[in-house]
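Biologist: Please take me through the reading of this model, feature by feature.

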Amino acid sequence: MLATRCLNPWRSAAVLQRQRLPGSVAAASQRLQHRRPLSTSNAMLAKFCDSAPEAVSDIGDGSKLLVGGFGLCGIPEKLILALRDTGVRNITAVSNNAGVDDFGLGLLLRNHQIKRMVSSYVGENEEFARQYLAGELEVELTPQGTLAERLRAGGAGVPAFFTATGYGTMIHEGGAPIKYNDKGEVDIASQPRESRSFNGRNYIMEEAITGDFALIKAWKADRMGNLIFRASARNFNPACARAAKICIAEVEEIVETGTIAPGDIHLPSIYVDRVILGEQYEKRIEKVTLARPADGGAGKVSAGDDIRERIVRRAALEFSDGMYANLGIGMPMLASNFIPPNLTVHLQSENGLLGLGPFPEEGKQDADLINAGKETVTVLPGAAFFGSDDSFAMIRGGHVDLTILGAMQVSQYGDLANWMIPKKLVKGMGGAMDLVGSADTRVVITMEHTAKGNKPKILPECTLPLTGKQCVNRIITEKCVFDIVPGQGLTLVELYEGVTVDEIKAITASSFKVSDDLKPMGQI
């Protein structure tokens, strides 16, 4: 039976006992009570609350909240609803993103309860983007892996760390818009980061993040407060819990102590202060994506579809047997549809999944199982789930062999821009800065050769804010394939059938060499 108040029942009993004792005896008792009793019983040590409103009742104006979830997967939806109803204001919310306009943290944005968001991705939340560009909201855009590591460091008592992610970009050099004024000018800009070289590589310093409260979502809790998460719904939840002064967890099920094997616990009770049992979860899926019917869903194929398929069929030739690969949102992810059956490719998703499988069949989609594009997916035998901090440790540590990403612009020396058009489009960098920041990961870009109006996207220098400097190894477009040789620039290595070198020169703003061994553009 749950406690009737949001308190630790052992501590409450101790307080009542002291109140009944004479002063000297009470003092001695108090000293003893500071020592947690050794016991073989399953005494409940967690603090259980009857409701979400009760659990968040002491969150006040100006609080800094660390909120778990990725997209809408694994978000503490009951706690967010309760917080909305309190009317608390001037919140600083640290969360990978802010849900959608009418669900998740989007509800607090719509009520103007949030003063500042610390996030990696704006995504499809139109109200988030509108408030930011209108100067109504402060937004500190942070690379996703850096965000996860700043939380991990905060929970571990590490004040700062160095990372290669973001070196040479606005994250490093400062000037990224945090807040616009009503004239569209930058009112608050990010500050430059300290940089340092280690073993010949450049790094920037990032400070840890801690918070007043963490709001997280888990699958099960036992009566001591140990938590387990389900599938990809783990994501940022454990890191947020560890970095907060007070962690409030909502769960789908509460089980007796001992029901969960010690080795199966994902977050020990030492990090968990309050628990509520949620009911009737909506668990909304942001992007229900299903496998194509066996007949391929025959229908008209547009010129745009034909171009994209040409690009991804060429991109699929980048896979080799046994490699670990991460595929970006959109066109890069489509390359997984063309992995040859004789190859085994382990697909990693930065929201905490290794071993991505195909999209699910109709009726088999799972709200707790999504990829980094927030699409429903399946997993293959041997797959593994983990938190966002572990996911980006794999990425930064060079354990991912290949990443395929989209781009707005690429320079002749391999600079990449794909996350922002100032004052117009605020996409957010997501995990891209981390993916291109690893020296041991091959970076392949898939994109259409030109933008609207036949405007070149391959340039002498990028004019948009950079995602990474000199990080791209290969560019694949519908017209050709370029390799980028460090210090030398572009070399044209493949041409699509019917396309000439002169045509490529006309639509490419930068100079390039033509390989002596120029080949037809490959297709799977």
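Modeller: Among contacts (heavy atoms within 4.5 Å) in the chain between residues at least 6 apart in sequence, 71% join residues at least 24 apart. The model is a predicted one, in which local features need pLDDT of at least 70 and side-chain atom pairs count only at pLDDT 80 or more, while totals for chains, interfaces and linings use all residues. Residues are numbered from 1 along each chain as its sequence is written, and side-chain values use heavy atoms, without hydrogens or water.

Biologist: How many helices and strands does the chain have?

Modeller: Helices (H or I, at least four residues) and strands (E, at least two) are DSSP runs, numbered from the N terminus. The chain has 14 helices and 31 strands.

Biologist: In what order do the strands of the open sheet lie?

Modeller: Strands of a sheet pair through backbone hydrogen bonds, either parallel or antiparallel. Here, 10 strands form an open sheet with mixed pairing, in the order E18-E17-E16-E15-E19-E24-E28-E29-E30-E31; two strands pair if DSSP finds at least two bridges between them. Strand E18 (379–385) and strand E31 (513–520) are the edge strands, each pairing on one side only. From one strand to the next, the twist averages 25 degrees.

Biologist: In which sense do E24 and E28 pair?

Modeller: Strand E24 (residues 442–446) and strand E28 (residues 474–476) are parallel, with 3 bridges. Thr446 has Ile476 in E28 as its bridge partner.

Biologist: Which strands does helix H10 lie across?

Modeller: Helix H10 (residues 303–315) lies across strand E19 (402–405), E24, E28, strand E29 (480–485) and strand E30 (489–495). The helix runs at about 145 degrees to E28, where axes are lines fitted to C-alpha atoms, for helices over the stretch in contact, and angles run from 0 to 180 degrees between N-to-C directions.

Biologist: Which classes of residue line the second largest pocket?

Modeller: Its lining has 15 nonpolar residues (Ala, Val, Leu, Ile, Met, Phe, Trp, Tyr, Cys and Pro), 6 charged (Asp, Glu, Lys and Arg) and 12 polar (the others, Gly among them). Helix H11 (331–334) and helix H13 (432–436) each supply at least two residues of this lining.
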